[in-house]
Amino acid sequence: MRLSDGLYDILKDTLRWNKPRLQCFISLLGALLQVQQMDLSRLVQAMNDNAQLQSRYRRLQRFFQTTRFDYDAIAHLIMGMFAFDQGHFYLTLDRTNWKWGRKNINLLVIAVAYKGIAIPIYWLVLNKQGNSNQRERIALLHRFIAQFGSTPIQAILGDREFIGQQWWAAMSLHSIPFLMRMRENQHYKDKQDIGRPMSQLFRDLMPGESRILRKPRHISGQPIYLSAMRLPSGELLILAANQRIAKPFDVYARRWEIETLFQALKGRGFNMEATRITHYFRIKKVVALLAIAFCWAHKTGEWRHDHVKALKLKNHGRLEKSQFRYGLDYLADKLFTPVISPQEVMRLLVLFLCPPHWIQSGQSDFPIKVCGHNLTGAI
């Protein structure tokens, strides 16, 4: 059994494309993992196709121009790859942007915080420069809730961009906790209903000191619980929540995981800024391809770190490389191999499809089949 055949059987019911389009996507996925650069002119060279180079290039162009993507189905695929749909999780929200020529490419991403990195679920291409607006954030949140509900969300984490009365009200309406960083000059209403900068509440904090206020303050039309920490630089880290959160600074630290995701999609992984695709709808499709490749690579690296050969811990306290990079290097090596053994093919398919805790549990039996083959003993 070839790896491409196994991926075809896994993805055909999710993506629901005809055979040529699905085979093109799978070939693209393999090429991306090998080339590690989202540049069509580079990808066509790695695609397993007997057609002429120019014909392959036109085929990729047509794929991104004409293929309809079901982003809800892709979101369910990714949630299932990690079994997020069976538990509770933190969501983190942020933007990443870059420029190609005169074109600004601006992505708003909602992702699940996961073991030091974030897993992308939905994304919106903003057809503009600068910050997202409240309507765009609410639309992205509603799309997530429509598919997965609000109950599993432990909190939504965001930086200083993600404030606003309507946005906060939308989360509170669905009883979703949020924890957002605030600007120091943001105002709250005191007992006399006078607006005062929040920095006054924490002006006596020394570097390294923190404070959690017991009583809420009135901000953007609702009671907000505030906490703050004075950073070594002297800057105040002020956090706002619509519910009491026991350890707000520890929880908010997980917001950084989406920055690690962006690093993986960009210079430390797939170099998505190298793409010359700039059209709004086509960029959204490109991100879907990147997201699936990223998830496969990260799960593979996580498995190898836990069960094959653990990454070394460097003197600065971090691993010698990320688990994503570890898995990406492994997948690239296997895909460059002319012939992959049936056992190795099955292992890679398990790593693509199965939630990590299934693989890490040491079970020898998996209650699923891939391509009609029992996965027992595949790992």
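I began with a rule: a salt bridge is a side-chain nitrogen of Lys or Arg within 4 Å of a carboxyl oxygen of Asp or Glu. I also noted that the model is predicted.

**Entry 1: salt bridges**

I ran the count, and by this rule it comes to 19 salt bridges.

I looked up glutamate 302 and found a salt bridge with lysine 115, the closest N and O atoms being 2.8 Å apart. This pair links distant parts of the chain: glutamate 302 is in helix α10, lysine 115 is in the loop between β2 and β3, and they are 187 residues apart. Which of the two is buried, and which exposed? Glutamate 302 is buried, at 1% relative accessible area. Lysine 115 is exposed, at 54%.

Next I checked glutamate 235 and arginine 181, whose side chains meet in a salt bridge at 3.0 Å, N to O. This pair also links distant parts of the chain, 54 residues apart. I placed glutamate 235 in the loop between β10 and β11, and arginine 181 in strand β5. Glutamate 235 counts as partly exposed at 29% relative accessibility. Arginine 181 counts as buried at 10%. I followed the shared partners and found that salt bridges join Asp159, Arg160, Arg181 and Glu235 into one network.

I found aspartate 9 partly exposed, at 29% relative accessibility. Lysine 12 is partly exposed too, at 35%.

**Entry 2: threonine 92**

I found threonine 92 in strand β1, which spans residues 89–100. Its relative accessible area is 0%, so I put threonine 92 down as buried. What does its side chain reach at 3.4 Å? It reaches the backbone oxygen of arginine 255. I set aside neighbours within four places in sequence and listed contacts of threonine 92, among them Val109, Ile110, Leu157 and Ile258.

**Entry 3: the cavity**

I searched the whole structure and got one cavity of 30 Å³ or more. The volume of the largest cavity is about 50 Å³. Its lining includes Lys103, Val125, His279 and Tyr280. β2, β3 and α10 are the elements that give two or more residues to this lining. The largest share, three residues, comes from β2. I sorted the lining residues into five nonpolar, four polar and one charged.

Key:
Residues are numbered from 1 along each chain as its sequence is written. This is a predicted model: local features need pLDDT of at least 70, side-chain atom pairs count only at pLDDT 80 or more; totals for chains, interfaces and linings use all residues. Side-chain values use heavy atoms; hydrogens and water are left out. On a 1 Å grid over the protein atoms alone, a cavity is a set of points where a 1.4 Å probe fits but cannot get out, and a pocket is an open set with protein on both sides within 12 Å along at least five of seven lines; lining residues have an atom within 4 Å of a point. Grid points are joined across faces, edges and corners, and a volume is the space filled by probe spheres set on the points. Helices (H or I, at least four residues) and strands (E, at least two) are DSSP runs, numbered from the N terminus. Ala, Val, Leu, Ile, Met, Phe, Trp, Tyr, Cys and Pro count as nonpolar, Asp, Glu, Lys and Arg as charged, and the others, Gly among them, as polar. Buried means under 20% relative accessible area, exposed over 50%, partly exposed in between (1.4 Å probe, protein chains only). A polar contact is a pair of N or O atoms within 3.5 Å; within protein, one must be able to donate a hydrogen and the other to accept it, and residues adjacent in sequence count only if both atoms are side-chain atoms. Contact means heavy atoms within 4.5 Å.
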